[in-house]
Amino acid sequence: MALRGTSVVRREDEPLLRGQGQFVADLTADADWDGLAHACYVTSTVPHARVTGLDVSEARNAPGVIDVVTAADVNLEPYPSPSPAFDGAIVRPMLATDRVRFVGEPVAVVVADTPAAAIDAAEMVVVDYEPLPAIVDPEAALDGPALFEGMAEPNVVVRMSLEDSEADFEGCEAVVEVRTVNNRIAPCPLEPRVAASRWADDGRLHHVNAGQGPHPVRAGLAKILDLDRSQMRVLSRDVGGSFGAKARPHPEEALLGWLAARVGRPVMWVPSRTDDMVGLVHGRGQIQYCRIGGTRAGRITAFGVHVVQEAGAYGNMGAALPNNVKAMLAGCYDIASLGFTSVSVLTNTTPTGPYRGAGRPEAAAAIERAVDAFAAEIGMDPAEVRRKNFLAPEVFPLTTRTGMPYDTGAYEASLDAALEAADYRSLRAEQARRRADGDDKLLGIGLATYVERTAGVGRSEYGAVELVGGGRIVARTGSSPYGQGHHTSWAMLISDRTGVPMGDIDIIHGDTDEVPRGEVTGGSRSVQLAGTAIWEASATLVDQAREVAATLLEADPADITLDTEAGAFHVVGTPAVSVDWAAIAQHLASANGEAGPRLLHAEEVFDSEAPTFPFGTHVAVVEVDRYTGEVELVRLVACDDAGTILNPLLAAGQVHGGLAQGAAQALYEEFVYDDDGNPLTGNFADYPVISAAELPFFDRVVLETPTHINPLGAKGIGEAGTVGSTPAVQNAVIDAVAHLGIRHIDMPLTPQRVWHAITDATAEAP
């Protein structure tokens with residue numbers, strides 16, 4: 001029986017559940033890391049200041065301290081900018097020199113025998129600060145004093161626009177403007193930015209990190225440390241989450257190899273939760289000025305957006321996120337005129353970066369909030385407005401007005417499926433009844449129909465399979481998982497191609513010595529790229545084995561077929577005489593005088609011609625307490641189409657996680673600074689990470705519209721939940737109070753914020 005399309009339980013889970021995972025912190029028990037020292041960074045406690053003094057003398061003499069390093073000791077180039085398009089005057093030193101620009105910026109680092117000794121000594125470092133005015137509001141930054149000298153435009157990292165920066169609203173019968181805030185959030189992986197470096201006996205730097213793929217990390221470290229890639233081995237083993245934030249080595253991680261060389265010992269860094277909350281890049285952080293117009297019959301003809309993006313204190317990857325908003329500007333809709341501009345600005349806050357969806361959720365939030373505002377303006381059901389404006393299935397494939405090569409789309413089908421699953425008519429009837437009765441529990445129904453881009457960056461990936469002794473298969477993949485279930489997925493694909501049982505298939509990932517190349521695991525790219533590479537390499541391995549089977553069966557290779565149910569080759573028409581993979585391995589080992597490795601080997605680098613574009617519709621149902629503003633998410637129905645699904649169980653897990661994170665942003669999560677730039681939500685006591693107690697069971701509706709972009713017909717699924725759920729939940733809360741005259745409330749929709757909106761609206765009512 002073919003495994004593809006079946007719910008195979010994750011094989012990765014048992015060692016994790018038994019406490020046998022291999023995380024970075026477990027290196028303390030590894031003999032190769034004997035003499036392991038521990039780093040603790042001294043970070044800025046003020047958002048913006050000149051450093052007028054730095055006294056490390058007491059720390060140097062503290063028990064267990066090996067070394068204390070400041071910027072004056074570091075002979076490395078500054079941390080490299082992620083984009084040549086960013087203003088070149090924005091330079092981030094590896095350790096702060098004469099100026100700090102956000103709370104959490106590293107100023108010095110203590111290396112000690114134990115974590116406790118390092119932490120104690122770090123507290124002895126005395127830093128004298130001369131405070132400078134801090135900029136927190138990104139819009140105020142446009143008129144504020146420059147945070148770097150020599151900038152072409154003060155505090156502007158980069159500007160972007162479509163060729164048509166302004167949409168044409170001439171002739172629109174209805175025009176609505178809505179300003180939305182896509183709130184800044186902390187990624188909060190349970191395992192922080194841990195990493196360790198040592199110089200091994202082979203003379204190379206061995207680096208272990210908890211990231212999204214070792215090959216991009218090796219490339220980044222090689223550039224920073226001025227090493228050839230051959231001088232490094234990077235490993236990513238088990239990883240306790242990332243959500244996009246660990247795709248690139250941060251300065252603190254990049255310094256570890258340099259520190260290890262300086263002290264002559266391996267060095268590990270395990271930041272505290274608070275250090276990670278203010279040091280790890282934040283996500284989202286956009287102010288969106290949306291303008292939408294069309295006819296009173298519901299046809300949308302113009303849509304324009306201006307984005308102000310928070311880049312934080314340095315031009316990290318977050319400054320480029322508006323580019324994805326631009327790319328996916330119109331979402332699922334056929335809109336004649338589009339306009340887009342953006343400006344990414346510096347503030348005295350933690351730098352921003354990719355977070356689950358990386359610009360695509362922000363794009364969906366803009367258009368889906370605007371469509372609801374337009375529907376309210378013309379007095380039409382928001383579902384009907386969407387239906388009137390969808391791109392029709394027969395126009396695919398097409399290139400959108402923003403240049404995106406959409407592959408497939410059945411947007412109305414996803415809307416219909418989600419509405420039917422939610423029983424939309426009954427919900428609207430119940431809402432009308434409650435409003436007529438003056439019910440204190442206000443019912444809201446929110447919609448979002450989304451399309452997103454997956455495998456949009458880095459459209460190639462490596463996969464290899466080889467036959468070893470006993471008929472087992474070893475696979476190597478350039479995609480490095482951190483919760484996605486790649487070991488299960490790739491074993492399923494190989495088993496389907498070869499007939500070898502999944503239990504006889506081993507997967508190797510996350511090691512630059514074992515896997516010759518690989519890209520970042522992100523952008524929902526793994527199955528469609530890495531999975532296809534494994535699939536194609538497995539087919540080549542079967543062809544190679546067929547030649548050997550033909551020799552053993554004394555037949556023409558063209559007459560040999562593989563029975564994948566039995567995992568054996570035979571001559572067409574005579575299945576009673578066959579040879580299995582173990583027999584082929586034994587024959588090759590005897591012929592080659594070998595007992596084992598690499599009896600047959602096939603590898604593939606799959607290059608995708610284009611990204612893919614998953615889509616779907618989410619329906620959120622909420623109840624809002626009229627007197628307290630408390631919001632309860634009652635239902636969340638998600639219809640997601642990611643092409644052909646390899647493993648429904650794994651896909652459901654990815655969607656569920658995304659729905660939870662999307663709902664969390666809409667209702668709870670926001671990283672907050674005071675007016676002076678001091679973080680107010682620097683730990684889990686103050687930052688409200690969502691739990692199962694705040695979530696309903698999710699209702700999933702599965703559509704499968706295969707793509708022609710890869711042989712598997714697969715699109716990405718890992719970020720879809722966050723793309724659709726956030727605007728659906730926001731729209732639901734606003735819908736619940738719309739009859740009170742409320743047209744918009746910004747996220748997160750906390751009880752306080754909703755209560756203020758209700759009380760302000762009722763106070764203004766005649």
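Reader: Which residues is asparagine 710 in contact with, leaving aside its neighbours within four places in sequence?

Author: Contact means heavy atoms within 4.5 Å, and in this predicted model asparagine 710 is in contact with Gln528, Thr532, Phe606 and Thr612 once those neighbours are left aside. Residues are numbered from 1 along each chain as its sequence is written, and side-chain values use heavy atoms, with hydrogens and water left out. Because the model is predicted, local features need pLDDT of at least 70 and side-chain atom pairs count only at pLDDT 80 or more, while totals for chains, interfaces and linings use all residues.

Reader: Is asparagine 710 buried or exposed?

Author: Buried means under 20% relative accessible area, exposed over 50%, and partly exposed in between (1.4 Å probe, protein chains only); asparagine 710, with a relative accessible area of 6%, is buried.

Reader: What does the side chain of asparagine 710 reach?

Author: A polar contact is a pair of N or O atoms within 3.5 Å, where, within protein, one must be able to donate a hydrogen and the other to accept it, and residues adjacent in sequence count only if both atoms are side-chain atoms. Here the side chain reaches the backbone oxygen of alanine 714 at 2.8 Å.

Reader: Which residues of helix α10 are buried?

Author: Helices (H or I, at least four residues) are DSSP runs, numbered from the N terminus. In α10, residues 382–389, the buried ones are Pro382, Ala383, Val385, Arg386 and Asn389. The arc is that of the directions from the helix axis to the C-beta atoms, and these residues cover only 160° around the axis, so they lie on the same side of α10.

Methods. Helix = DSSP H or I, 4+ residues; strand = E, 2+ residues; numbered from the N terminus.
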